[in-house]
Amino acid sequence: MQNERNPKEHDTVIINGLVFPCIIGMLPEERVKEQRVIVNAELYTSFDRISESDDIAHTVNYAEAADLIVSESVECRAETVEYLGNRLIKVLKDRFADSLFGVSIEVLKPDILSNVDSVGIRMTRMFKQDI
């Protein structure tokens with residue numbers, strides 16, 4: 001028997017503090033020199049199947065999602081964090097379409113201003129109510 005789920009309920013795969021170098025920015029020096037980026041991601045899903053099966057195939061694999069975030073960020077060489085955030089949401093949605101209600105992405109640049117810990121954006125997109 002399938003569990004009845006409230007449309008507002010979801011479980012979350014969390015990727016917190018994923019740090020890697022990539023080309024990002026509009027300034028001339030940012031277009032040639034990699035800088036540190038920090039990505040935090042929340043992937044809204046359901047743990048109903050994996051909590052019964054204990055089979056990684058029944059959930060969003062966080063290692064695969066983290067690898068996808070890094071590879072897409074490095075490849076796209078975005079000028080803005082907004083563009084990168086949108087790209088990351090799209091590739092995560094495409095890869096895990098059958099398993100996601102939505103995604104929240106935070107893209108931070110920790111080394112761009114000397115008087116703050118970081119600057120960046122957070123984007124949340126919901127795709128569907130049921131998976």
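**Close-up views of a predicted model**

**View 1. Helix 3 and its buried side.** In helix 3, the residues Val-81, Leu-84, Gly-85, Leu-88, Ile-89, Val-91 and Leu-92 are buried (under 20% relative accessible area with a 1.4 Å probe and protein chains only; exposed is over 50%, partly exposed in between). Among the elements that cover these residues are strand 2 (35-45), helix 2 (62-76), strand 3 and strand 4; helices (H or I, at least four residues) and strands (E, at least two) are DSSP runs, numbered from the N terminus. This is a predicted model, where local features need pLDDT of at least 70 and side-chain atom pairs count only at pLDDT 80 or more, while totals for chains, interfaces and linings use all residues. Residues are numbered from 1 along each chain as its sequence is written, and side-chain values use heavy atoms, with hydrogens and water left out.

**View 2. Glu-30, tucked into a loop.** Look for Glu-30 in the loop between strand 1 (11-22) and strand 2. Glu-30 counts as buried because its relative accessibility is 7%. Setting aside neighbours within four places in sequence, Glu-30 is in contact with Ile-23, Ile-24, Gly-25, Gln-35, Lys-109 and Ile-112 (contact means heavy atoms within 4.5 Å).

**View 3. Asp-54, a non-glycine with positive phi.** Asp-54 isn't a glycine, yet its phi is positive, at about 60°. Asp-54 sits in the loop between helix 1 (48-53) and helix 2. With a relative accessible area of 72%, Asp-54 is exposed.

**View 4. Arg-77, another positive phi.** Arg-77 has a phi of about 50°, again without being a glycine. Find Arg-77 in the loop between helix 2 and helix 3; at a relative accessible area of 41%, Arg-77 is partly exposed.
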